[in-house]
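Subject: Structure for your review

Dear colleague,

Please find below the structure that I am handing over to you.

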Amino acid sequence: MTGPEPIRSIAIVGGGTAGWSAAALLSRVLGPDCRITLIESSDIPTVGVGEATIPPIFEFLQLAGIDELDFIRHCQATFKLAIEFRDWQHVGHRYWHPFGNLGLTIDQRPFSHFWWARKAAGEHLDMADFCPPIALARDHKFAFPPRDGSYPGGAVGFALHFDAGLVAAYLRRHAEAAGVVRLDRRIRGVDLGREGHIAAVVCEDGERIEADLYLDCSGFRGLLIKEGLGTGFVDWSHWLPCDRAVAVPSAHVPDRTPYTVSRAQEAGWQWRIALQNRVGNGYVYASRFTDDERAAEVLLRSLDAPALAEPRVLRFTAGHRERTWVGNCVAIGLSGGFLEPLESTSIHLIHTGLNRLLDYWPDRHFAPELAEAYNREVADEYAHIRDFLLLHYYPNARHGEPFWDHMRALDLPDSLARKMALFTSAGRIVSRRRELFADISWFFVAAGMGLEPRTFDPLVLKAPADDLAGIMGQVRDVVRAYAAAAPSHDAILARVLDPAERHRPNFASGGAWGQR
């Protein structure tokens, strides 16, 4: 056995959220022994991949050595407890996908099985009575979990909404303070060396920039992974036909919602995200079923405050690169793939790409087995998210609308068909270890879209009826009291943003207020 030859230099091509996330994290992990250079052109605008996140955002901030409170204050961030889906099953219907569990595990059985049993008995239950994030979000409230970790009726999770442009600028300051060098250059192409590895990126003026490792964060263009290395693309537009988005900010409105609103529209869906200073809005749609002008008209007509800019159209194709790690180049972010931001996974995929790279961190020999393992996991992750996104579409009951009729008639991927067959037969959902969306997330969306199992887990019948009624009553009472005592989301934001505030949330332990 011989020792590794450590990587001494990294070139990151492209800035934005992906590039500066990579720079911030890797500079923190690798320290001064590795030279990191980020190359971007101030003449080329970056594509914002979203303003909503999921709870692992706090893990990334901690790994990068970023103070969460400072981040929130500088990035116009607000808190996010859930996504509210409006009109997806049919017009007028609503359901929630929260960051939290439903009820408590009883006799080692998930609460969802007892939910189905009570429904089969003709009892109507309100999910908000057993899920604190829904109870809070519905009333535009927010509360950090109790300091002692005694969550009422299950876990309370939360994430952030933020201004993606401000996030990139914030991460840039953080990375440059750690020694990352930024070069303002346009890149003309790449020089390939041995075995298809990149020897250098070449700027328009002929300057060559050499490194051991190259990260392609150049967005949809894929300057390195696509144009330089010719890596193919796995196209999933037959399952996810939405291929465009029109986005526009609107004026701030009081009573900021601590959740993302996702409203189904005639050819896709619309998002609404309340930040500190404005509201982010967008319409993701399939160009086969509408056009850009009509999409912009639908979006502008639905705003609840004046637009602050002209609508901007983005084009994309759902899918991922056949390989996101090729030789000494790794694609991070949009250059590696894109799935519509229905469940706020775009920024998360940037971070999991970086975390996975650290899991398989190479030396300068770049063992191909590392890249093969990395690429298998990336493909599995994209397929898992693809299936979860499809679950939002195919059970719809919006009959007579061409886009929704098309989505309902899709032939599902085998992986999703098997999962849904198990669910509709007996209410079981079995997620694999390390998958992003756990069983409870599949339950929330499947139930929200009107799917029901033919029967429920027979083991729930072993619980004495009186005992079960007592447990459910206690959970309901605790959750209602917890939500009633919680302050408004705006009140929590005022406290978080107050520079005189002596206490701060301990995000690492779920958000309890602790001593600074």
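**Two helices side by side**

Helices α1 and α6 run roughly parallel to each other, because their crossing angle falls under the 35 degrees used as the limit for that description. Please note that the model is a predicted one. The axes of α1 (residues 16-30) and α6 (residues 164-177) come within 8 Å and cross at roughly 30°. The crossing of these two helices is left-handed. On the α1 side, the contact is made by Gly16, Thr17, Trp20, Ser21, Ala23, Ala24 and Ser27. The residues that α6 brings to this contact are Ala164, Ala168, Leu171, Arg172, His174, Ala175 and Glu176. Sorted by class, the contact of α1 with α6 comprises seven nonpolar, five polar and two charged residues.

In general, the strands of a sheet pair through backbone hydrogen bonds, in either a parallel or an antiparallel manner. For β7 and strand β2 (residues 35-40), the pairing is parallel and extends over four bridges. Within it, glutamate 40 has aspartate 184 of β7 as its bridge partner.

Is threonine 37 buried or exposed? Its relative accessible area is 11%, which is under the 20% limit, and threonine 37 is therefore buried. Leaving aside neighbours within four places in sequence, threonine 37 is in contact with Ile10, Ala11, Ile12, Val181 and Leu183.

**An enclosed helix**

Helix α4 (residues 111-120) is largely enclosed by the rest of the structure, because seven of its 10 residues are buried. These buried residues are Phe111, Ser112, His113, Phe114, Trp115, Trp116 and Ala117. What covers them includes α12 (414-426), α13 (439-448) and α14 (465-485). After α4 comes glycine 122, which has a positive phi, near 90°.

With kind regards

Definitions and conventions
Residues are numbered from 1 along each chain as its sequence is written. This is a predicted model: local features need pLDDT of at least 70, side-chain atom pairs count only at pLDDT 80 or more; totals for chains, interfaces and linings use all residues. Side-chain values use heavy atoms; hydrogens and water are left out. Axes are lines fitted to C-alpha atoms, for helices over the stretch in contact, and angles run from 0 to 180 degrees between N-to-C directions. Angles under 35 degrees count as roughly parallel, over 145 as roughly antiparallel, 65 to 115 as roughly perpendicular and the rest as oblique. A crossing is left-handed if the near helix is turned anticlockwise from the far one by less than a right angle, and right-handed if clockwise. Contact means heavy atoms within 4.5 Å. Ala, Val, Leu, Ile, Met, Phe, Trp, Tyr, Cys and Pro count as nonpolar, Asp, Glu, Lys and Arg as charged, and the others, Gly among them, as polar. Two strands pair if DSSP finds at least two bridges between them. Buried means under 20% relative accessible area, exposed over 50%, partly exposed in between (1.4 Å probe, protein chains only).
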